[in-house]
Amino acid sequence: MIRFPARARMYWLPLVAIGLFIILLFFSLLRLSGVEKDMRSNVDENMLWVITQSQLASHRLQEAVHRHAMGHADAQPEQRLDVLYSRLILMDQGPQRRYIQALGFEPLLDDTLEQLAHIDSLLPLFLLDELTSDDMYRNIQPLLTTLNRMANAVMMEEWEATGERLDDYRDSLMQVIYSAVGILVTGLLLGLLLLWALSKRRQAQEALTQHLDHLEDVVSARTQDLEDQRRRLADSINTAPDGFAAFDATGQLQLINARLAQLLPETECIFSPGTPLHDVVTKLCQTCVSTSAVLPLHQASAQCDIELAGGEWRQLTLRRTQSGGHVMRLADITSYKTTAIALENALERERGISDFYRSFAAMVSHQFRTSLAVIDSGLQRLMRRHSGYSTEERAARYQRLRDTVAHMTELVDASLLTAQLDAGQVSSHQQPHDLIKLVRKACHLHQEALGTTRLLINVEIPPGLKTLQVSCDKALTEHIIDNLLTNACKYSRQGSPINVELSRDANGAYCRVGNQGDAIPDAEQSHIFERFYRGANSTGQQGLGLGLNIARTLAHIQQGELTLLRSTSETTTFQLTLPQVQTQADQCGTQVDKELAR
């Protein structure tokens, strides 16, 4: 006797049920497919129609012969003969021929075709009245008799086939019903087996859960003491105000406290368990921004300050223990370090301001003394030799004194504005303004001040640009443009024009001021915006070296920029960039561009 394993005995009943389910389902589908295929087979119905039509065509031929004999002109026996001939030809082809052959009427069909051919040869004689209607009847009557016999045989065969088909359908339907019942019973059996398996599984899970609970209780009871000791140690470590990490005598990381993770970023990457002390220090130095010193690992105690990316500072202390290991201590010294750095920056700023005002005072006093000396000497000459000067000479000396006074006024204004900028007293009240109008106004004022014959300013505006709205402070922007025009007049060649070009793009609005004069050397181009810096080509020109520095500072206050665009032997051009204000027309144009792009 064959004995199956216990696990195999658990599966044989479900496997048998599933196999039976598949077999019954396949058998049902097979029987239904056979019924459907048999229902589509309608050769006998087609044959019944063909033989009926042939019989009807023969009677109509006989009727047409009779009507022709009676003298009816519309009898048309030829057409009726053609119709009968087509019906018999259809019976003599394809499945109809095979059907007639299966019934044993193939000789009769051949005899019928021969009779029809004989009638076809007699019909012209009948139509010419050379043959009587009785002769035609005698030749047609055997054809009618043969067709009647064949029609009766086909009808009887159809009745018998229909009965057999209905019997087959009934047997197939009963077999399908029995199979469906078997499938239902098999499905119920499979459902019961599934419920039984689920019940067993749930029981096994409950038993496993109980066993796991018991094991957990045992393990929990055995490790309770160790857990208490670990908790006490963890509480002691976590309550420490500073972060620390402990390394054993081999330099391997043993433990860290939670405070260390709060004080350092990427703690998991740096202080992973088992990481050597040297790797921890290396990764720590790579993570921080800067360190105040290098930690010597061979010393008994070492300390350094480290700066993190967020501007926070930590003090790192490394001490050797008696067992040969190391303890790393990390303290937050951000507040102390921030205060120290702020004090150091304030001291440095005070030193810079003191140096700046010392240099500024020396420069201003020198410039004021020079201007006052020029004014004093000019007035003394006018007083001593007033009557000796002609009208043109007196006008020239008066103009020189006025230029000197204007220069002193410029020095005073620059000094006051520089002091206000250093004190943070200059603010920008930005509103939409038309840069084209501001530039035209500044150019007009310069031309009026110096005379149209002495100053030629060309303002270039792109075609179609009627207005150029920018967000700026009107007074500050006018001061910048005035400074650029003044510098352009100072350093341009005699008689050469000043070119002012306005444009815009997606990044902002631009005002470019260029003059034709000596090029600024490459070594000086990076220093021209510094305070008190004056280039080699400024010799003989009045000024403090504050104009460009003030202009750039005023541009920055307005979220703009002032740069040296180019400086060659042909032209020197400065560019002022200001934020652009988009008008309603520009917004509509931008929307149209977006729609076209889509």
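In the predicted model, strands E11 (508-515) and E13 (572-578) pair in the antiparallel sense over seven bridges, two strands being counted as paired if DSSP finds at least two bridges between them. Within this pairing, Tyr-510 has Thr-577 in E13 as its bridge partner. Helices (H or I, at least four residues) and strands (E, at least two) are DSSP runs, numbered from the N terminus. Residues are numbered from 1 along each chain as its sequence is written. Because the model is predicted, local features need pLDDT of at least 70, side-chain atom pairs count only at pLDDT 80 or more, and totals for chains, interfaces and linings use all residues.

Strand E11 also runs antiparallel to E10, to which eight bridges join it; Arg-504 is the bridge partner of Ala-509 in E11. A hairpin connects E10 to E11 through two residues. Eight of the eight residues of E11 are buried (under 20% relative accessible area, with exposed over 50% and partly exposed in between; 1.4 Å probe, protein chains only).

These strands belong to an open, five-stranded sheet with mixed pairing and the order E8-E10-E11-E13-E12. Strands E8 (457-460) and E12 (561-567) form the edges, each pairing on one side only. Strand E8 pairs with E10 (residues 498-505) in the parallel sense over four bridges, and Val-459 stands opposite Val-500 in E10.

Helix H13 (residues 474-491) lies across E10, E11, E12 and E13, running at about 25 degrees to E11. Helix H15 (residues 547-557) lies across E12 and E13, at about 130 degrees to E12. Axes are lines fitted to C-alpha atoms, for helices over the stretch in contact, and angles run from 0 to 180 degrees between N-to-C directions.

Technical notes. Heavy atoms only, no water. Contact = heavy atoms within 4.5 Å.
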